[in-house]
Amino acid sequence: MNGAQAFVVTWLSASLGLAGPVLLAALGETFAERSGVLNVGIEGTMLLGALASFLACHYTGMVWISLLIAVLVGVFANVFLAWMYVSVRASQVVAGLVFNVLTLGIVSTVYRRAMPSSAAPESIAMFHPLHLPFLSSLSVIGPALFGQTILFYLTLLLAFAAHFVLFRTHFGLALRASGENPAAADSAGVSVYRMRYAGTLISGAAAGMAGGYLVLAQVGLFRESIVSGQGFIALGIVIFGRWNPLKAAAAAIVFGACDALQLSLQIFGTRVPPQLLLALPYVVTILAISGLFGGKAVQPAALMRPYVKD
Amino acid sequence: MAKFIERRLTPTDSPWAILTTTAAAFLAAMLVTAFLFLFYDANPLRAYVALFHEPFATVRGFGYSLVRMSPLALIALGTIVSWRSGFSYLGFEGCFVIGATATAWLALVTSVGARIGPVPLFLFLPMAIFLGFAAGGVWAGLVAFARAQLGGNEVLISLMSNYVAILILQYLVSGPLRAPGSLPETRLLPRATWLPFVLPGTRAHAGVLIALAAAGLVWMLLQKMPLGYELIVTGFNPSAARYAGIDVKRRLLLAAFFAGGLGALAGMVEVLGSQHRLMDGISGGVGFVGIIVALLARLNPLAVIPTALLYGGMSVGADAMQRRANIPSSITFILQSLAVLLVLACDALRYYKINPSSLGRRTRQTTAGWVAK
């Protein structure tokens, strides 16, 4: 394998790997936003999921159980958020943002209590890359496409499932109606509150799982900066993907490619300062949602508008 | 007959109701946090005494509380200007970093032997304020431009811009501005550029006065000046503002410029007043705690000062607690954010009305009924 080929292989493979967690979070967020709730709290939920899965895996050593715990913690935390968004009718941006600060406090407090001697961060059991027979031995695309962990394929599967549920089922129709025109949905017999709770809880489950994905398939240990804006990037991917799960998958891979560029350029030695390369995914996300490419017209009409049933 | 608890059609907005619901929410947050102290095998009552004694009952500690209050208050004031103008800006962490970087750079280039040479403080300070304010204002103004001209979402763009600013800072302190040594930081800024200390025996510096002056100016802007009125109308109802002949886009840009400038002044105060050098991680979440302060002060510029003093003091107390009792200072993050969330939730209580008189009547009736039996 020559140098250029090696570069492409590591870059592609890392692109897909890094796209996984943000895509997962973005899929869940699509449900929340389609129901009319902008859940900014997925950043904090991811952090909670990451810590929960790390601690679970530290004590049990079982990766699937740890992933399940991350999902449950995500759902549980978002019961509170859904109550704030839907029942209290607090400003969604404010509640989500303050929730993120709250989780930062909770996570560092709990982590320090659970791991008092954190001189050297402890590593834990992880998901390993699957090597599919025949497919992984294809040149270039083989190791990149077919050398990912099972969580990556699961996430892709969930993207198709999300698309089906959102556009081909009654539940999906009711959910979208609650985000487009809640009053009309209500008179058609849809419980808007229930749909919005459902959307928020789905985004909580997905964000918790995305946190678990980060720990169990990518990093293998926990630090407080593990999420560092990936939840916010997922929010950007939802916009760039036009609130559509499959388009979000494409957007997430574009984001992953930007993020991976910095990794693979560092491996191959470059004089560009690493911090400027690290800023690339954020800058690309800013450009993607800056309105240069439109987008306002297709967002759910009742997004961020609390619904009051008379 | 009036029920004991009655639902109102609209929430009451009497100051008394607002004060009691806020206090109730704060007490509830303290109650929840008390359990966390138990989790750390600490007596909650003594922990709370420790949390509030150092920052508010000792002269030295109160000086530190004032030092922490200033950046929080400035960021909260920026939040108020932008949010009341209908611009949900969340990029104060980034503005703080930009302001700190710009003024630290200015201090480094005006030191002895540098390109410009030393400048007396009475000249340096206005220069630093001007440069910091303009840098932060333009930084936030870019986001407002994306919203006003392109229709982008300012909430997300401003959140992303925080990370970009922090990475720019990391690049500068580990590259061009780095001092020899193991840590990514600049060298100590020249003493001549430090903000003078204002209270003898404490570390309280002139940044406190800057924060107080800013609170007064923002209050004047929003309450007394036609421009502030136009900003608030823009925030309340953009289409009504447009019909009234207000240039909404320009007001939005102006609000963002003020907000970013105030956020950058917070960074300036921190770097010239207390850190005296620029380093990685200088912001440490202050941009978000400042927003929380503004929310708790219900976007009122004068209420910002006591609220920021309370929150700044709590962080001083938390550090003392961490040193003495080994309770992590992150516990105050929980207390501070939970308080705001519960304040939001307790707003629902203002829909209800208690009729104590109905209670009295009912007791008499039951007594009468009992006697009749």
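Visitor: How are helix 7 and helix 8 of chain B oriented to each other?
Guide: In this predicted model, helix 7 (residues 207-224) and helix 8 (residues 226-236) of chain B pack at an angle of about 75°, with their axes 5 Å apart. Angles from 65 to 115 degrees count as roughly perpendicular, and helix 7 and helix 8 of chain B are therefore roughly perpendicular to each other.

Visitor: Which residues make that contact?
Guide: Helix 7 of chain B brings B:Leu221, B:Leu222 and B:Gln223, while helix 8 of chain B brings B:Leu227, B:Gly228 and B:Ile232. By class, the residues of this contact are four nonpolar and two polar, with no charged ones.

Visitor: Switching to the chain as a whole, what does chain B contain?
Guide: Chain B has 14 helices and two strands, and its C-alpha trace spans about 100 × 60 × 35 Å along the principal axes. Of its 373 residues, 49% count as buried.

Visitor: And where does chain B touch chain A?
Guide: In total, 39 residues of chain B are in contact with 37 residues of chain A. On the chain B side, the elements giving two or more residues are helix 1 (15-39), helix 5 (121-150), helix 6 (154-174), helix 11 (286-296) and helix 13 (330-346).

Visitor: Which of those gives the most?
Guide: Helix 6 of chain B does, with 11 residues.

Visitor: What classes of residue are on that side?
Guide: The side of chain B that touches chain A has 29 nonpolar and 10 polar residues, and no charged residues.

Methods:
Residues are numbered from 1 along each chain as its sequence is written. Chains are lettered from A and ligands numbered from 1 in the order in which they are written. This is a predicted model: local features need pLDDT of at least 70, side-chain atom pairs count only at pLDDT 80 or more; totals for chains, interfaces and linings use all residues. Two residues are in contact if their C-beta atoms, placed from the backbone, lie within 7 Å. Helices (H or I, at least four residues) and strands (E, at least two) are DSSP runs, numbered from the N terminus. Ala, Val, Leu, Ile, Met, Phe, Trp, Tyr, Cys and Pro count as nonpolar, Asp, Glu, Lys and Arg as charged, and the others, Gly among them, as polar. A residue is buried if 20 or more other C-beta atoms lie within 10 Å of its own, exposed if 12 or fewer, and partly exposed in between; C-beta atoms are placed from the backbone. Axes are lines fitted to C-alpha atoms, for helices over the stretch in contact, and angles run from 0 to 180 degrees between N-to-C directions. Angles under 35 degrees count as roughly parallel, over 145 as roughly antiparallel, 65 to 115 as roughly perpendicular and the rest as oblique.
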